[in-house]
Amino acid sequence: MLESTASESYHIYHLSLGKNTIMTTEHTTYAQAFTQLEKISQQLSQQELIDIDQLLPLVDDAMSAYQFCQARITAVENLLTEKLKTIT
């Protein structure tokens, strides 16, 4: 049976690159990870010139958030499938 990741802790790490600070996160909920993806998407789409020093950390954060969201979706799908089996 799949276990919820809600017991995982939420961490924020700061990476300083000159005058800019990048936050990387370890997600505990789907909503947190999805919100992080939205923020990164908005940040990248609103910049005419992307700061190359911030690009890799942003991509890393986005990949982490995406993987977390995908894992949660798969876990919920599996749990729903198991629950539906018990109904029929």
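In which helix does Q70 lie? In this predicted model, Q70 is placed in helix α2, which spans residues 52-87. With a relative accessibility of 35%, Q70 counts as partly exposed. Although Q70 and Y30 are 40 residues apart along the chain, their C-alpha atoms are separated by 9.0 Å.

Y30 belongs to helix α1, which covers residues 30-46, and F34 lies four residues away from Y30 in that helix, so that about one helical turn separates the two. A pair of aromatic rings is described by the distance of the centres and the angle of the planes. Under the criterion that ring centres lie within 6.5 Å, one aromatic pair is counted in the model. That pair is formed by Y30 and F34, whose ring centres are 6.0 Å apart and whose planes make an angle of 15°. Because planes under 30 degrees apart count as stacked, the arrangement of Y30 and F34 is classed as stacked.

Both partners of this pair can also be described by their accessibility. Y30 has a relative accessible area of 35% and is partly exposed, while F34, with a relative accessible area of 37%, is likewise partly exposed. I73 is located in helix α2, and its relative accessibility of 32% places I73 among the partly exposed residues.

Conventions: Residues are numbered from 1 along each chain as its sequence is written. This is a predicted model: local features need pLDDT of at least 70, side-chain atom pairs count only at pLDDT 80 or more; totals for chains, interfaces and linings use all residues. Side-chain values use heavy atoms; hydrogens and water are left out. Rings of Phe, Tyr and Trp (its six-membered ring) pair if their centres lie within 6.5 Å; planes under 30 degrees apart count as stacked, over 60 as edge-to-face and the rest as tilted. Buried means under 20% relative accessible area, exposed over 50%, partly exposed in between (1.4 Å probe, protein chains only).
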